Amino acid sequence: MSIKKLTSTIGNSDPLTATLKKGDHDDSLELEITAVPISLNALYRTVGKRMRMTTKGKQFKETWKNIVSAFFYDDLPHYKKGIPITMEVIVYYTDRRRRDVDNTLKVLLDTFNGVLYADDSQIQSVKVDKVLGSDKLLTKIKLWRVKHA
């Protein structure tokens, strides 16, 4: 298994660190980011009858895409079109506010299109967990190729 670590900063915020573990034999990826996704409501706003991405949403997507793209600069997207994949996500929040896991998932799926996978339609199954009251902000994502029987 190979491991890479990168750090980036958004404006004046704390550094964002991403760690990638890439399986040698099973084509799996494990990604840890020392932050949590913004909410779907913070990502988009309705302006008139149209949905627009907010400035905060653009910053979030650009930063997370860039730091993860740096892992695969020579091989984007990692999982090519047509390869079915499975995804597991665990998001650790330091507070105990109510959050919907489906909104978190939608933000992550949109953000990593074209980076981790060619299109989010490749994802065959997903498991999402949230942990409230954690001692640190963290997002863990695991992807692997679906093995058909």
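For the classification of lining residues used below, Ala, Val, Leu, Ile, Met, Phe, Trp, Tyr, Cys and Pro count as nonpolar, Asp, Glu, Lys and Arg as charged, and the others, Gly among them, as polar. The model is predicted. It contains four salt bridges and one cavity of 30 Å³ or more.

**The largest cavity**

- The largest cavity has a volume of about 30 Å³.
- Its lining consists of V91, Y93, R99, D100, V101, T104, V128, D129 and K130.
- Two elements, α3 and β7, each give two or more residues to the lining of the largest cavity.
- The greatest contribution to this lining comes from β7, with three residues.
- By residue class, the lining of the largest cavity comprises four nonpolar, one polar and four charged residues.

**The second largest pocket**

- The volume of the second largest pocket is about 150 Å³.
- The residues that line the second largest pocket are E30, L31, E32, E88, V89, I90, K127, D129, K140, I141 and K142.
- Four strands, β3 (29–33), β6 (85–92), β7 (123–131) and β8 (138–145), each supply at least two residues of this lining.
- Seven of the lining residues of the second largest pocket are charged and four are nonpolar, while no polar residue is present.
- D129 belongs to the lining of the second largest pocket and also to that of the largest cavity.

**Salt bridges**

- Side chains of opposite charge can pair when their charged atoms come close.
- K127 and D129 form a salt bridge, with 2.9 Å between the closest N and O atoms.
- Both partners of this pair are partly exposed: D129 has a relative accessibility of 30%, and K127 has a relative accessible area of 44%.
- Salt bridges with shared partners also join D95, R97 and R99 into one network.
- D95 is partly exposed, at a relative accessible area of 27%, whereas R99 has a relative accessibility of 18% and so counts as buried, the cut-off for buried being under 20%.
- R99 is also one of the residues lining the largest cavity.
- A salt bridge also links the side chains of K106 and D110, at 3.1 Å from N to O.
- K106 and D110 lie four residues apart in helix α3 (residues 101–111) and are therefore separated by about one helical turn.
- An α-helix has 3.6 residues a turn, so residues three or four places apart point the same way.
- In this pair, K106 is partly exposed at 37% relative accessibility, and D110 is buried at 14%.

**Helix α2**

- Helix α2 spans residues 55–69 and has 15 residues.
- From its first C-alpha to its last, α2 reaches 21 Å, close to the 21 Å expected at 1.5 Å a residue.
- The buried residues of α2 are G57, F60, K61, T63, W64, I67, V68 and S69.

Definitions and conventions. Residues numbered from 1 in each chain as written. Predicted model: local features only at pLDDT ≥ 70, side-chain atom pairs only at ≥ 80, totals over all residues. Heavy atoms only, no water. Expected span 1.5 Å × (residues − 1). Buried < 20%, exposed > 50% of the residue type's maximum accessible area, 1.4 Å probe, protein only. 1 Å grid on protein atoms, 1.4 Å probe; cavity = no way out; pocket = protein on both sides within 12 Å on 5 of 7 lines; lining within 4 Å. Points joined across faces, edges and corners; volume = space filled by probe spheres on them.
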